[in-house]
Amino acid sequence: MGDEIIYIVILLVYLAGMLVIGFISSKKVTNSKSYYTSDRNVSAAVTGFSYSSTQLSSGSTIGMPATVYTQGYSYMGTPMAAAAAPWFTFLLTGERVRKISERVDAIDYGDIFRARFGNASKILYELLIIVFAIPTIISQFAAAGSSVQSLTGIPYNVAIPMIAVVLTIYTMSGGMNSVALTDYIQGIIMIAGFGILAAILLTRAGGFTAMHEGIAATDPDLLRLTGKASKTWVICCIITWSILMVGGSITSVVRFLIPKDLKALRGALGYSVFFNIFVLSACGVIGLCGITLLPGLESTDRLVPTLIGTYMTPILGGILISAVIAAIMSSVDSTLLLCSAAALGLYIGYINPNASAKQQLRVGRAITVVVAAVAMVMAFKPFTAIQWLVAFSFNTWAGAFTVPVLFALWSPGTTKTAGFCAMAAGAAAALAWYAAGYIMYNSFSNWPFGIWPGIFGSIVSLIVILAVSAFTKPIDEETREIFYLE
(Lines give C-alpha, C1' and ligand atoms only; values in the text may rest on other atoms or scores of the structure.)
Protein backbone atom coordinates (compact mmCIF):
# COMPACT_ATOMS: atom_id res chain seq x y z
CA MET A 1 0.00 0.00 0.00
CA GLY A 2 1.48 3.35 -1.08
CA ASP A 3 2.08 6.20 1.33
CA GLU A 4 -0.68 8.32 -0.15
CA ILE A 5 -3.23 5.49 0.22
CA ILE A 6 -2.31 5.10 3.90
CA TYR A 7 -2.73 8.85 4.40
CA ILE A 8 -6.14 8.76 2.73
CA VAL A 9 -7.37 5.78 4.77
CA ILE A 10 -6.33 7.33 8.09
CA LEU A 11 -7.85 10.67 7.10
CA LEU A 12 -11.14 9.04 6.08
CA VAL A 13 -11.30 7.15 9.38
CA TYR A 14 -10.77 10.41 11.22
CA LEU A 15 -13.47 12.21 9.22
CA ALA A 16 -15.90 9.33 9.74
CA GLY A 17 -15.32 9.59 13.48
CA MET A 18 -16.23 13.28 13.41
CA LEU A 19 -19.48 12.45 11.61
CA VAL A 20 -20.35 9.83 14.22
CA ILE A 21 -19.83 12.38 17.00
CA GLY A 22 -22.06 14.85 15.17
CA PHE A 23 -24.81 12.25 14.80
CA ILE A 24 -24.67 11.28 18.48
CA SER A 25 -24.55 14.91 19.63
CA SER A 26 -27.54 15.87 17.49
CA LYS A 27 -29.81 13.87 19.78
CA LYS A 28 -29.06 16.34 22.61
CA VAL A 29 -30.14 19.40 20.61
CA THR A 30 -33.70 20.50 21.35
CA ASN A 31 -33.62 24.28 20.85
CA SER A 32 -31.35 27.18 19.95
CA LYS A 33 -30.04 27.41 23.52
CA SER A 34 -28.78 23.83 23.51
CA TYR A 35 -27.53 24.29 19.95
CA TYR A 36 -25.35 27.29 20.81
CA THR A 37 -24.44 26.75 24.49
CA SER A 38 -24.81 22.99 25.05
CA ASP A 39 -27.23 23.93 27.87
CA ARG A 40 -24.21 25.25 29.85
CA ASN A 41 -23.35 21.73 30.93
CA VAL A 42 -19.80 21.12 29.65
CA SER A 43 -16.98 19.66 31.78
CA ALA A 44 -13.68 21.35 32.64
CA ALA A 45 -11.54 19.20 30.32
CA VAL A 46 -13.83 19.62 27.31
CA THR A 47 -14.16 23.38 27.93
CA GLY A 48 -10.39 23.89 28.27
CA PHE A 49 -9.42 21.80 25.26
CA SER A 50 -12.25 23.26 23.18
CA TYR A 51 -11.09 26.79 24.01
CA SER A 52 -7.50 26.10 23.01
CA SER A 53 -8.10 23.91 19.97
CA THR A 54 -10.39 26.64 18.66
CA GLN A 55 -7.74 29.28 19.28
CA LEU A 56 -5.03 27.21 17.59
CA SER A 57 -6.28 27.15 14.03
CA SER A 58 -4.27 26.77 10.84
CA GLY A 59 -2.88 30.21 11.64
CA SER A 60 -1.01 28.54 14.51
CA THR A 61 -0.32 25.02 13.29
CA ILE A 62 0.50 25.90 9.68
CA GLY A 63 0.87 29.69 9.60
CA MET A 64 3.04 29.97 12.72
CA PRO A 65 5.74 27.47 11.65
CA ALA A 66 5.69 29.10 8.20
CA THR A 67 6.19 32.57 9.72
CA VAL A 68 8.95 31.31 12.05
CA TYR A 69 10.56 29.81 8.93
CA THR A 70 10.82 33.29 7.36
CA GLN A 71 11.18 35.46 10.50
CA GLY A 72 13.20 33.17 12.77
CA TYR A 73 13.39 33.93 16.48
CA SER A 74 11.81 37.38 16.04
CA TYR A 75 8.48 35.53 15.75
CA MET A 76 9.10 33.06 18.58
CA GLY A 77 7.53 35.52 21.01
CA THR A 78 4.19 34.66 19.43
CA PRO A 79 3.91 31.08 20.74
CA MET A 80 5.04 32.27 24.17
CA ALA A 81 2.46 35.08 24.16
CA ALA A 82 -0.34 32.86 22.87
CA ALA A 83 0.49 30.31 25.54
CA ALA A 84 -0.19 33.04 28.11
CA ALA A 85 -3.47 34.04 26.44
CA PRO A 86 -5.66 31.70 28.55
CA TRP A 87 -4.48 33.45 31.71
CA PHE A 88 -5.57 36.83 30.40
CA THR A 89 -8.88 35.72 28.94
CA PHE A 90 -9.93 33.38 31.74
CA LEU A 91 -8.92 35.70 34.58
CA LEU A 92 -10.15 38.96 33.05
CA THR A 93 -13.42 37.72 31.59
CA GLY A 94 -14.12 34.04 32.27
CA GLU A 95 -16.04 33.95 35.55
CA ARG A 96 -17.88 37.22 34.97
CA VAL A 97 -18.96 36.16 31.49
CA ARG A 98 -20.21 32.82 32.84
CA LYS A 99 -22.26 34.52 35.57
CA ILE A 100 -23.67 37.28 33.38
CA SER A 101 -24.48 34.99 30.46
CA GLU A 102 -26.73 32.98 32.74
CA ARG A 103 -28.40 36.10 34.14
CA VAL A 104 -29.25 37.47 30.67
CA ASP A 105 -29.73 34.04 29.05
CA ALA A 106 -27.05 34.80 26.45
CA ILE A 107 -26.14 32.45 23.60
CA ASP A 108 -23.26 34.66 22.44
CA TYR A 109 -21.43 37.89 23.29
CA GLY A 110 -23.98 39.84 21.27
CA ASP A 111 -26.58 39.17 23.96
CA ILE A 112 -24.15 40.39 26.62
CA PHE A 113 -23.43 43.56 24.65
CA ARG A 114 -27.16 44.17 24.21
CA ALA A 115 -27.77 43.83 27.95
CA ARG A 116 -24.90 46.19 28.80
CA PHE A 117 -24.71 48.66 25.89
CA GLY A 118 -28.07 48.41 24.14
CA ASN A 119 -29.51 46.82 21.02
CA ALA A 120 -27.42 48.89 18.59
CA SER A 121 -24.26 47.32 20.05
CA LYS A 122 -25.65 43.85 19.53
CA ILE A 123 -26.41 44.65 15.88
CA LEU A 124 -22.93 46.05 15.31
CA TYR A 125 -21.38 43.01 16.98
CA GLU A 126 -23.39 40.67 14.77
CA LEU A 127 -22.44 42.50 11.58
CA LEU A 128 -18.74 42.54 12.48
CA ILE A 129 -18.82 38.85 13.30
CA ILE A 130 -20.55 37.88 10.05
CA VAL A 131 -18.37 40.03 7.79
CA PHE A 132 -15.01 39.10 9.30
CA ALA A 133 -15.77 35.46 10.05
CA ILE A 134 -15.78 34.72 6.34
CA PRO A 135 -12.04 35.46 5.77
CA THR A 136 -11.19 33.26 8.75
CA ILE A 137 -13.21 30.32 7.42
CA ILE A 138 -11.80 30.80 3.93
CA SER A 139 -8.27 30.62 5.30
CA GLN A 140 -9.01 27.39 7.16
CA PHE A 141 -10.56 25.71 4.14
CA ALA A 142 -7.62 26.83 2.00
CA ALA A 143 -5.19 25.39 4.56
CA ALA A 144 -7.11 22.12 4.62
CA GLY A 145 -7.10 21.83 0.85
CA SER A 146 -3.40 22.61 0.59
CA SER A 147 -2.44 20.14 3.33
CA VAL A 148 -4.52 17.28 2.01
CA GLN A 149 -3.27 17.83 -1.54
CA SER A 150 0.36 17.90 -0.43
CA LEU A 151 0.19 14.64 1.47
CA THR A 152 -2.44 12.53 -0.23
CA GLY A 153 -2.42 13.70 -3.82
CA ILE A 154 -6.14 14.49 -3.63
CA PRO A 155 -6.65 17.62 -5.78
CA TYR A 156 -7.05 20.89 -3.89
CA ASN A 157 -10.53 21.53 -5.31
CA VAL A 158 -11.64 18.06 -4.21
CA ALA A 159 -10.06 18.19 -0.77
CA ILE A 160 -11.79 21.44 0.19
CA PRO A 161 -15.40 20.21 -0.28
CA MET A 162 -14.49 16.86 1.32
CA ILE A 163 -13.39 18.59 4.52
CA ALA A 164 -16.06 21.28 4.34
CA VAL A 165 -18.95 18.86 3.96
CA VAL A 166 -17.93 16.70 6.92
CA LEU A 167 -17.31 19.73 9.11
CA THR A 168 -20.60 21.35 8.14
CA ILE A 169 -22.60 18.21 8.79
CA TYR A 170 -21.36 17.61 12.32
CA THR A 171 -21.55 21.31 13.23
CA MET A 172 -25.03 21.71 11.79
CA SER A 173 -26.25 18.50 13.44
CA GLY A 174 -25.00 18.83 17.00
CA GLY A 175 -24.16 22.50 17.40
CA MET A 176 -22.05 23.26 20.46
CA ASN A 177 -22.54 19.70 21.72
CA SER A 178 -20.64 18.23 18.78
CA VAL A 179 -18.28 21.22 18.37
CA ALA A 180 -17.04 21.05 21.96
CA LEU A 181 -16.68 17.25 21.93
CA THR A 182 -14.94 17.12 18.55
CA ASP A 183 -12.68 19.98 19.67
CA TYR A 184 -11.72 17.92 22.72
CA ILE A 185 -10.82 14.88 20.62
CA GLN A 186 -9.11 17.03 18.01
CA GLY A 187 -7.10 18.67 20.79
CA ILE A 188 -5.78 15.30 21.94
CA ILE A 189 -4.82 14.47 18.36
CA MET A 190 -3.04 17.83 18.02
CA ILE A 191 -1.01 17.30 21.21
CA ALA A 192 0.10 13.85 20.08
CA GLY A 193 0.66 14.79 16.44
CA PHE A 194 2.63 18.01 16.82
CA GLY A 195 4.59 16.68 19.78
CA ILE A 196 5.73 13.72 17.68
CA LEU A 197 6.51 15.89 14.66
CA ALA A 198 8.60 18.39 16.68
CA ALA A 199 10.58 15.61 18.38
CA ILE A 200 11.34 13.78 15.12
CA LEU A 201 12.31 16.95 13.24
CA LEU A 202 14.59 18.10 16.04
CA THR A 203 16.29 14.70 15.98
CA ARG A 204 16.67 14.87 12.19
CA ALA A 205 18.14 18.36 12.51
CA GLY A 206 20.78 17.00 14.92
CA GLY A 207 19.49 18.66 18.09
CA PHE A 208 19.33 22.33 19.03
CA THR A 209 23.02 23.07 18.48
CA ALA A 210 23.10 21.61 14.99
CA MET A 211 19.74 23.20 14.19
CA HIS A 212 21.06 26.63 15.16
CA GLU A 213 24.20 26.09 13.10
CA GLY A 214 21.99 25.29 10.12
CA ILE A 215 19.91 28.41 10.70
CA ALA A 216 23.08 30.53 10.95
CA ALA A 217 24.28 29.11 7.65
CA THR A 218 20.99 30.11 6.02
CA ASP A 219 20.69 33.59 7.56
CA PRO A 220 22.31 34.66 10.87
CA ASP A 221 19.64 37.32 11.38
CA LEU A 222 17.09 34.56 11.91
CA LEU A 223 18.75 33.78 15.25
CA ARG A 224 18.24 37.30 16.61
CA LEU A 225 15.08 38.30 18.47
CA THR A 226 14.76 41.39 16.28
CA GLY A 227 16.75 40.19 13.31
CA LYS A 228 13.88 40.27 10.83
CA ALA A 229 11.59 42.73 12.58
CA SER A 230 11.74 45.91 14.64
CA LYS A 231 11.51 45.86 18.42
CA THR A 232 8.16 47.61 18.18
CA TRP A 233 6.84 44.92 15.83
CA VAL A 234 7.96 42.14 18.17
CA ILE A 235 6.41 43.80 21.24
CA CYS A 236 3.15 44.44 19.38
CA CYS A 237 3.12 40.84 18.22
CA ILE A 238 3.37 39.61 21.81
CA ILE A 239 0.65 41.99 23.06
CA THR A 240 -1.67 41.10 20.19
CA TRP A 241 -1.49 37.35 20.68
CA SER A 242 -1.87 37.53 24.46
CA ILE A 243 -3.91 40.41 25.92
CA LEU A 244 -5.91 41.14 22.77
CA MET A 245 -7.15 37.56 22.70
CA VAL A 246 -9.89 38.91 24.99
CA GLY A 247 -11.58 40.49 21.97
CA GLY A 248 -9.74 39.15 18.94
CA SER A 249 -10.25 35.47 19.67
CA ILE A 250 -13.98 35.82 20.10
CA THR A 251 -14.50 32.29 18.74
CA SER A 252 -12.57 30.96 21.74
CA VAL A 253 -13.86 33.14 24.54
CA VAL A 254 -17.48 32.23 23.83
CA ARG A 255 -16.50 28.96 25.51
CA PHE A 256 -16.93 30.81 28.81
CA LEU A 257 -20.68 30.51 28.26
CA ILE A 258 -20.75 26.70 28.24
CA PRO A 259 -19.15 25.25 31.43
CA LYS A 260 -21.61 23.61 33.79
CA ASP A 261 -20.45 25.76 36.72
CA LEU A 262 -17.66 28.02 37.93
CA LYS A 263 -15.68 25.07 39.25
CA ALA A 264 -15.60 23.58 35.75
CA LEU A 265 -14.55 26.94 34.32
CA ARG A 266 -11.65 27.25 36.76
CA GLY A 267 -10.54 23.72 36.02
CA ALA A 268 -10.65 24.44 32.29
CA LEU A 269 -7.89 27.01 32.69
CA GLY A 270 -5.33 24.35 33.64
CA TYR A 271 -6.19 22.20 30.63
CA SER A 272 -6.01 25.21 28.32
CA VAL A 273 -2.66 26.48 29.60
CA PHE A 274 -1.07 23.04 29.23
CA PHE A 275 -2.50 22.66 25.72
CA ASN A 276 -1.30 26.06 24.52
CA ILE A 277 2.20 25.76 25.94
CA PHE A 278 2.76 22.28 24.53
CA VAL A 279 1.33 22.70 21.04
CA LEU A 280 2.57 26.23 20.39
CA SER A 281 6.08 25.41 21.57
CA ALA A 282 6.05 22.41 19.25
CA CYS A 283 4.91 24.62 16.34
CA GLY A 284 7.76 27.05 17.00
CA VAL A 285 10.33 24.23 17.02
CA ILE A 286 8.84 22.85 13.80
CA GLY A 287 9.35 26.21 12.08
CA LEU A 288 12.96 26.50 13.28
CA CYS A 289 13.78 22.95 12.22
CA GLY A 290 12.28 23.68 8.82
CA ILE A 291 14.89 26.41 8.21
CA THR A 292 17.66 23.82 8.56
CA LEU A 293 15.93 20.83 6.96
CA LEU A 294 14.18 22.56 4.03
CA PRO A 295 16.13 25.73 3.16
CA GLY A 296 14.84 27.78 0.25
CA LEU A 297 11.24 26.53 0.32
CA GLU A 298 9.19 28.75 -1.99
CA SER A 299 5.67 28.19 -0.60
CA THR A 300 5.95 28.57 3.17
CA ASP A 301 2.28 27.62 3.69
CA ARG A 302 3.35 24.13 2.55
CA LEU A 303 6.16 23.86 5.10
CA VAL A 304 4.35 21.63 7.59
CA PRO A 305 2.81 19.28 4.99
CA THR A 306 6.18 19.01 3.23
CA LEU A 307 7.99 18.20 6.48
CA ILE A 308 5.41 15.52 7.26
CA GLY A 309 5.70 13.97 3.83
CA THR A 310 9.49 14.06 3.87
CA TYR A 311 10.37 12.89 7.38
CA MET A 312 7.43 10.84 8.69
CA THR A 313 6.59 7.17 8.17
CA PRO A 314 3.26 6.65 6.37
CA ILE A 315 1.28 5.76 9.48
CA LEU A 316 2.75 8.61 11.53
CA GLY A 317 2.25 10.89 8.56
CA GLY A 318 -1.40 9.92 8.40
CA ILE A 319 -1.84 10.70 12.09
CA LEU A 320 -0.05 14.00 11.67
CA ILE A 321 -2.12 15.11 8.70
CA SER A 322 -5.15 14.30 10.84
CA ALA A 323 -3.67 16.59 13.51
CA VAL A 324 -3.30 19.38 10.95
CA ILE A 325 -6.88 18.90 9.77
CA ALA A 326 -8.03 18.69 13.41
CA ALA A 327 -6.55 22.13 14.08
CA ILE A 328 -8.34 23.53 11.07
CA MET A 329 -11.70 21.90 11.78
CA SER A 330 -11.67 22.85 15.47
CA SER A 331 -11.41 26.50 14.45
CA VAL A 332 -13.87 26.44 11.56
CA ASP A 333 -16.66 24.69 13.44
CA SER A 334 -16.49 27.31 16.21
CA THR A 335 -16.39 30.19 13.71
CA LEU A 336 -19.36 28.74 11.85
CA LEU A 337 -21.33 28.46 15.07
CA LEU A 338 -20.35 32.00 16.09
CA CYS A 339 -21.42 33.35 12.71
CA SER A 340 -24.67 31.37 12.82
CA ALA A 341 -25.55 32.76 16.26
CA ALA A 342 -24.88 36.32 15.05
CA ALA A 343 -27.00 35.87 11.94
CA LEU A 344 -29.79 34.28 13.99
CA GLY A 345 -29.76 37.39 16.19
CA LEU A 346 -30.42 39.55 13.13
CA TYR A 347 -33.16 37.17 11.97
CA ILE A 348 -34.97 37.30 15.29
CA GLY A 349 -34.47 41.04 15.65
CA TYR A 350 -35.60 42.15 12.19
CA ILE A 351 -37.27 39.33 10.26
CA ASN A 352 -39.19 37.12 12.67
CA PRO A 353 -39.19 38.38 16.28
CA ASN A 354 -41.82 35.80 17.22
CA ALA A 355 -39.95 32.77 15.88
CA SER A 356 -40.58 29.64 17.91
CA ALA A 357 -37.78 27.59 19.46
CA LYS A 358 -37.98 25.07 16.61
CA GLN A 359 -37.93 27.81 13.98
CA GLN A 360 -34.87 29.38 15.58
CA LEU A 361 -33.09 26.02 15.57
CA ARG A 362 -33.93 25.38 11.90
CA VAL A 363 -32.79 28.84 10.88
CA GLY A 364 -29.58 28.53 12.91
CA ARG A 365 -28.74 25.25 11.21
CA ALA A 366 -29.56 26.65 7.78
CA ILE A 367 -27.29 29.65 8.35
CA THR A 368 -24.47 27.29 9.34
CA VAL A 369 -24.77 25.50 6.01
CA VAL A 370 -25.02 28.70 3.94
CA VAL A 371 -21.96 30.34 5.54
CA ALA A 372 -19.90 27.18 5.08
CA ALA A 373 -20.93 26.91 1.43
CA VAL A 374 -20.02 30.53 0.67
CA ALA A 375 -16.63 30.23 2.36
CA MET A 376 -15.92 26.92 0.64
CA VAL A 377 -16.53 28.41 -2.82
CA MET A 378 -14.33 31.42 -2.05
CA ALA A 379 -11.57 29.15 -0.72
CA PHE A 380 -11.03 27.67 -4.19
CA LYS A 381 -9.06 30.84 -5.00
CA PRO A 382 -7.82 32.32 -1.71
CA PHE A 383 -6.33 35.77 -2.23
CA THR A 384 -3.38 35.73 0.15
CA ALA A 385 -1.40 33.79 2.73
CA ILE A 386 -3.13 31.86 5.51
CA GLN A 387 -1.54 33.71 8.41
CA TRP A 388 -2.49 37.10 6.98
CA LEU A 389 -6.16 36.14 6.57
CA VAL A 390 -6.34 34.94 10.15
CA ALA A 391 -4.54 38.04 11.43
CA PHE A 392 -6.85 40.35 9.44
CA SER A 393 -10.03 39.10 11.11
CA PHE A 394 -8.32 38.82 14.49
CA ASN A 395 -7.01 42.40 14.45
CA THR A 396 -10.36 43.83 13.40
CA TRP A 397 -12.21 41.95 16.14
CA ALA A 398 -9.51 42.86 18.67
CA GLY A 399 -9.87 46.55 17.87
CA ALA A 400 -13.65 46.36 18.05
CA PHE A 401 -14.27 44.13 21.06
CA THR A 402 -11.34 44.07 23.51
CA VAL A 403 -12.02 47.37 25.26
CA PRO A 404 -15.86 47.12 25.21
CA VAL A 405 -15.72 43.59 26.66
CA LEU A 406 -13.43 44.59 29.53
CA PHE A 407 -15.34 47.78 30.33
CA ALA A 408 -18.70 46.00 30.11
CA LEU A 409 -17.56 43.50 32.71
CA TRP A 410 -15.57 45.73 35.06
CA SER A 411 -16.59 49.40 34.71
CA PRO A 412 -19.98 50.51 36.12
CA GLY A 413 -19.20 54.05 35.02
CA THR A 414 -19.11 53.16 31.32
CA THR A 415 -22.26 54.32 29.55
CA LYS A 416 -24.28 52.46 26.94
CA THR A 417 -23.51 55.05 24.26
CA ALA A 418 -19.80 54.82 25.04
CA GLY A 419 -19.76 51.04 24.56
CA PHE A 420 -21.32 51.27 21.10
CA CYS A 421 -19.08 54.16 20.01
CA ALA A 422 -15.95 52.37 21.24
CA MET A 423 -16.84 49.22 19.31
CA ALA A 424 -17.45 51.15 16.09
CA ALA A 425 -14.36 53.33 16.51
CA GLY A 426 -12.10 50.37 17.32
CA ALA A 427 -13.14 48.43 14.23
CA ALA A 428 -12.88 51.50 11.99
CA ALA A 429 -9.45 52.39 13.39
CA ALA A 430 -8.09 48.87 12.82
CA LEU A 431 -9.29 48.90 9.21
CA ALA A 432 -7.94 52.41 8.68
CA TRP A 433 -4.55 51.26 10.01
CA TYR A 434 -4.52 48.42 7.47
CA ALA A 435 -5.31 50.97 4.75
CA ALA A 436 -2.54 53.29 5.98
CA GLY A 437 -0.07 50.42 5.88
CA TYR A 438 -1.03 49.61 2.32
CA ILE A 439 -0.72 53.24 1.22
CA MET A 440 2.69 53.63 2.86
CA TYR A 441 4.22 50.21 2.15
CA ASN A 442 2.01 48.66 -0.52
CA SER A 443 1.43 45.80 1.91
CA PHE A 444 -1.28 44.67 4.34
CA SER A 445 1.39 43.14 6.60
CA ASN A 446 3.37 46.32 7.37
CA TRP A 447 1.89 49.18 9.38
CA PRO A 448 2.90 52.71 10.43
CA PHE A 449 5.49 52.72 13.23
CA GLY A 450 5.28 48.90 13.39
CA ILE A 451 2.10 49.10 15.49
CA TRP A 452 -0.37 46.31 14.78
CA PRO A 453 -3.93 47.26 13.70
CA GLY A 454 -5.53 45.48 16.66
CA ILE A 455 -3.44 47.52 19.09
CA PHE A 456 -4.13 50.80 17.30
CA GLY A 457 -7.84 49.98 17.17
CA SER A 458 -7.87 49.17 20.89
CA ILE A 459 -6.10 52.44 21.75
CA VAL A 460 -8.67 54.42 19.78
CA SER A 461 -11.47 52.36 21.33
CA LEU A 462 -10.13 53.11 24.84
CA ILE A 463 -9.95 56.85 24.18
CA VAL A 464 -13.48 56.88 22.78
CA ILE A 465 -15.03 54.85 25.61
CA LEU A 466 -13.52 57.13 28.25
CA ALA A 467 -14.41 60.35 26.43
CA VAL A 468 -17.99 59.42 25.58
CA SER A 469 -18.67 58.05 29.07
CA ALA A 470 -17.77 61.45 30.51
CA PHE A 471 -20.54 63.18 28.57
CA THR A 472 -23.39 60.65 28.31
CA LYS A 473 -26.06 59.23 30.58
CA PRO A 474 -25.01 56.61 33.18
CA ILE A 475 -26.48 53.10 33.11
CA ASP A 476 -29.70 52.30 34.97
CA GLU A 477 -29.84 50.44 38.26
CA GLU A 478 -31.15 47.22 36.69
CA THR A 479 -28.15 46.97 34.38
CA ARG A 480 -25.84 47.76 37.25
CA GLU A 481 -27.27 44.89 39.30
CA ILE A 482 -27.01 42.39 36.44
CA PHE A 483 -23.36 43.14 35.70
CA TYR A 484 -21.83 44.19 38.99
CA LEU A 485 -23.89 42.62 41.77
CA GLU A 486 -21.82 39.76 43.19
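Trainee: How is the exposure of Ala-357 classed?
Mentor: Relative accessible area under 20% is called buried, over 50% exposed, and in between partly exposed, using a 1.4 Å probe and protein chains only. Ala-357 has 41% relative accessibility, so Ala-357 counts as partly exposed. This is a predicted model, in which local features need pLDDT of at least 70, side-chain atom pairs count only at pLDDT 80 or more, and totals for chains, interfaces and linings use all residues. Residues are numbered from 1 along each chain as its sequence is written, and side-chain values use heavy atoms, with hydrogens and water left out.

Trainee: Which residues is Ala-357 in contact with, leaving aside its neighbours within four places in sequence?
Mentor: Contact means heavy atoms within 4.5 Å, and on that basis Ala-357 touches Asn-31 and Ser-32. Ala-357 belongs to helix α18 (residues 357–379), helices being DSSP runs of H or I with at least four residues, numbered from the N terminus.

Trainee: At what angle do α1 and α9 pack?
Mentor: Axes are lines fitted to C-alpha atoms over the stretch in contact, and angles run from 0 to 180 degrees between N-to-C directions. Helix α1 (residues 3–26) and helix α9 (residues 156–174) pack at about 20°, their axes 7 Å apart. That makes α1 roughly parallel to α9, the class for angles under 35 degrees.

Trainee: Which residues of α1 meet α9?
Mentor: Among them are Leu-11, Leu-15 and Met-18 in α1, which face a set in α9 including Ile-163 and Val-166.

Key:
Helix = DSSP H or I, 4+ residues; strand = E, 2+ residues; numbered from the N terminus. Parallel < 35°, antiparallel > 145°, perpendicular 65-115°, else oblique.
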